[in-house]
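Let's take a walk through this protein model together. Have a look at the sequence and the 3D view, and then read on.

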Amino acid sequence: MAGIDLKRFHRAFFEESFEGLDAMEAALLRLDPAQPDAETLNGIFRAAHSIKGGAGTFGFAAISEYTHVLETLLDEMRAGRRAICAADVDLLLRASDALRGLLQAARDERVAERSVADAIHAELTQCLQGAASAAAGKAAAATTAPAAGWAIHFAPHPGLFASGNDPLRILRELATLGDARISVRDAALPAFAALEPETCYLAWDIELRGAAERAAVAELFAWVEDECELRIEPLAAGADLADAVAAPALAAAVAPPRALADGAPRSEPRGDGASIRIATAKIDAMIDLVGELVITQAMLQQLADRLDPATGEVLQQGLAQLDRNTRLLQEAVMSTRMLPVEAVFSRFPRVVHDLAARLGKQVRLHSSGESTELDKSMIEKIADPLTHLVRNSLDHGIETAAARVAAGKDATGTLTLRAAHQGGHIVIEVADDGRGLDRARILAKAAERGIACDAAMSDAEVWQLIFAPGFSTAEQITDVSGRGVGMDVVKRNIEALGGRVELASCPGQGTTVTIRLPLTLAIVDGMSVAVGEETFILPLSAIVESLQPQPEQIKRVAAQGQVARVRDEYLPLVALHEWFALPAVPRAAHEAILVIVEAEGRKLALQVDALLGQQQVVIKSLETHYKRVPGISGATILGDGRVALIADVGEIVRLATRAAAA
Amino acid sequence: MQAPPSASPAASAAVPAAEFLTFTLGGEEYGVDILKVQEIRGYDTVTRMPGAPDFMKGVINLRGTIVPVIDLRLKLRLDDARYDAFTVMVILSVGQRIVGMVVDGVSDVVALDAGDVRPPPEFGGAIDTRFITGLGTRDQRMIILLDIEKLLSAADIGVLNEAVAQAA
Amino acid sequence: MSARILAVDDSASMRQMVAYTLRDAGFDVAEAADGQEAYEMAQREPFRLVLCDVNMPRLDGIGLVRQLRQLPTYKFTPLLMLTTESGPEKKQEGKAAGATGWLVKPFNPEQLVATVQRVLG
């Protein structure tokens with residue numbers, strides 16, 4: 001038993017503590033100090049309470065002690081003994097942050113940075129002492145003079161059994177403390193006919209000889225002290241009688257007036273209801289294995305196709321079913337990587353709360369579509385761009401309360417976060433009802449920064465200037481939205497995810513930024529092409545068209561290689577086998593296939609040997625075990641188990657057009 | 001997947017013995033630390049990598065993971081690099097990375113005490129001694145022990161240097 | 001010895017600890033995440049002992065004890081509350097609701113097993 005290592009529970013303790021803190025933070029942000037909702041307060045209290053209990057049990061005494069003050073304060077609040085003001089909510093938020101810090105340090109087995117926590121601990125304590133400085137000096141503990149033993153009188157109330165207690169158990173335990181001589185008093189026992197079997201009629205006198213401490217004896221009666229008459233006196237007679245009755249009397253005297261009902265609290269949303277945690281590595285391993293299964297299935301299919309139709313028919317049916325099941329399994333497994341957008345949205349109530357307070361603005365946050373699912377890696381990567389957009393809206397979009405009232409608007413601004421599925425994409429919107437973009441100022445600033453622009457540009461074109469590199473610069477960087485990151489970085493990051501950013505704005509009514517993202521980073525729609533003996537994948541999204549050129553469409557331009565004339569445009573022509581330095585059957589461009597690709601507004605003709613077909617491919621990293629290769633964005637595994645490389649069309653276009661321009 | 005050939009009886013010597021997987025390259029017997037060997041496979045088609053040196057044969061699909069393959073015979077500048085029924089790939093796990101290595105055939109697993117290993121002599125340029133940790137002797141056979149980390153970092157496989165530094 | 005015990009706590013780590021420790025000591029343990037779930041389980045089978053946390057969503061420990069005591073099968077069953085030292089009034093309240101006794105958090109596995117063995121004799 002002593003062998004139970006509490007460490008085995010640490011992981012679960014930390015996970016649930018962090019979840020508890022998240023819930024606490026969300027509840028605090030939801031809390032209306034003027035009319036605190038009882039269940040919300042109860043939820044906050046329970047989170048602190050569980051962390052304290054767990055921390056104490058699992059050996060984190062300092063955290064338990066820190067949380068104790070927080071819990072006590074929350075307990076007074078939920079019991080209605082203390083009014084709550086906005087400053088309290090703020091203090092509680094900071095207290096939960098500090099608690100998070102302590103827990104993180106404990107989890108990582110670091111020494112905690114205590115200064116902030118200590119300061120907040122002091123604040124909480126001070127806040128508590130505003131109320132009755134309770135800590136009424138507990139009566140000095142009775143001196144435990146060594147006695148020859150104890151004379152115990154134990155007379156249970158008749159209803160003792162109803163609490164599940166059993167006098168015999170107590171007497172048995174008493175006998176383990178020393179030499180016990182027990183005599184029973186049965187004076188209260190009625191005639192058998194009148195005997196109620198559920199009533200306790202007996203009382204006991206016990207002489208306990210030995211070195212047992214008084215506290216150890218009293219401890220055995222702790223559960224029943226209110227349900228019995230109990231006297232514990234030193235055997236060497238003449239001890240203080242008062243002491244013997246002190247415990248129940250004191251308990252009765254200090255029993256506090258009952259606090260406000262905290263009866264049976266209802267329905268705390270438990271986010272973990274139907275989910276379990278799985279390490280990403282396990283999911284990825286599963287995805288890899290399912291990929292293998294798909295390939296094996298394809299291989300069996302190829303073999304079966306070669307069989308004589310008569311014998312092959314049953315096999316073919318089985319394989320068709322295997323094919324369906326495999327695809328379904330693959331889809332199901334891929335979906336395990338999807339997480340609700342809530343994982344990112346959940347951080348914004350706090351961001352908005354803190355930022356609005358710092359900027360002295362009143363802002364309310366609405367969000368919708370939190371359950372929309374997105375690939376986990378994408379979730380991680382949009383968090384920063386989204387945070388930037390939210391900060392921007394609060395800093396530059398939403399006006400101060402005074403300015404809003406003057407403009408005839410609600411003093412409290414609204415920031416809306418929306419997520420939704422839209423035709424194979426995920427659309428995320430960050431909208432505010434602020435002052436909107438200022439066309440004249442943007443044009444002036446762009447001109448000043450040397451960004452190409454003119455007054456005749458459409459609104460949409462003017463808004464795009466914001467995304468130009470160098471538009472946001474030091475002058476307008478506040479400590480809120482600054483941090484040296486401009487909208488150009490936001491745009492670049494989102495494009496790197498295969499997404500797009502759009503912006504709409506109306507003077508005086510607000511600005512909406514719309515981000516469109518692919519469903520997943522793990523799969524791409526690709527065109528497989530043959531280049532010599534190798535197969536490459538070109539992302540379908542980059543392909544404009546493909547054609548078999550006539551000889552007169554190909555021109556050789558001095559010192560610039562070849563160009564292809566396609567619909568009156570001259571496009572630089574790149575032969576992929578040359579580009580990748582692969583051995584290939586030399587053939588003229590007009591005997592090959594040209595795939596016209598476009599990236600970053602520039603077009604290029606790629607020469608390949610043949611088009612093999614369209615397919616969705618699972619993107620695999622080359623960098624895990626090898627390294628990044630210029631012009632290659634990753635690899636995938638073909639139906640026959642071979643590896644095909646995925647061309648990085650953006651990079652090829654960039655390098656090729658630069659070479660052509662040079 | 002094939003398990004490595006069964007080990008020879010464990011050495012009972014007082015000095016803790018290290019075990020090596022031995023294989024042949026151009027008529028010589030080489031050895032690598034068995035703890036770095038993940039598995040042994042037959043030689044598959046590899047997908048060529050653009051712009052890679054000749055010893056970098058390309059990449060293969062190892063149960064869904066893309067793994068680079070180097071031809072040790074080309075890396076060590078042994079002239080006879082044939083691909084036949086005996087050609088195998090030894091899959092090595094070094095630090096966080098996995099790499100395939102083409103060799104002429106796997107022979108055995110041998111345990112060598114510290115006393116069985118001598119420092120590498122000067123070869124005078126015939127062979128690259130940078131990648132050799134020592135020469136082991138077993139039943140009159142000479143086994144050239146390879147320093148696989150050094151070999152792979154010289155093969156310029158991404159941040160392998162870093163991975164090896166962490167593993168060390 | 002395999003008395004069946006019901007452990008009720010909304011904190012998964014506490015529940016795990018209690019259940020693991022008692023199983024390790026040879027008891028048969030069922031788990032519930034709140035009072036309501038525990039009450040439903042207790043109606044389906046008679047447990048020899050119920051260990052419950054005080055603060056829980058849906059139905060708290062006090063409410064659970066009160067409701068269990070009203071079931072004929074649980075009239076004399078030991079019902080122990082897991083309380084914290086900060087709540088003397090909770091002990092009173094628990095007793096008033098019909099709890100047999102309590103175990104003060106934080107406790108260690110040895111204390112837990114000793115107490116349970118004591119109660120189950």
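Chain B has three helices and 11 strands, where helices (H or I, at least four residues) and strands (E, at least two) are DSSP runs numbered from the N terminus. This is a predicted model, in which local features need pLDDT of at least 70 and side-chain atom pairs count only at pLDDT 80 or more, while totals for chains, interfaces and linings use all residues. Residues are numbered from 1 along each chain as its sequence is written, and chains are lettered from A and ligands numbered from 1 in the order in which they are written.

Two residues are in contact if their C-beta atoms, placed from the backbone, lie within 7 Å. Of the contacts in chain B with a separation of 6 or more, 59% join residues 24 or more positions apart.

Now turn to chain A and find His625(A), in the loop between β20 (610–618) and β21 (632–637) of chain A. Why does His625(A) count as buried? His625(A) is buried because it has 23 C-beta neighbours inside 10 Å. Leaving out residues up to four places away in sequence, His625(A) touches Thr65(B), Ile66(B), Val67(B), Pro68(B), Arg97(B), Ile98(B) and Val99(B).

Chain A also meets chain C: 38 residues from chain C and 35 residues from chain A take part in the contact. On the chain C side, α1(C) gives the most, with seven residues.

Terms used. A residue is buried if 20 or more other C-beta atoms lie within 10 Å of its own, exposed if 12 or fewer, and partly exposed in between; C-beta atoms are placed from the backbone.
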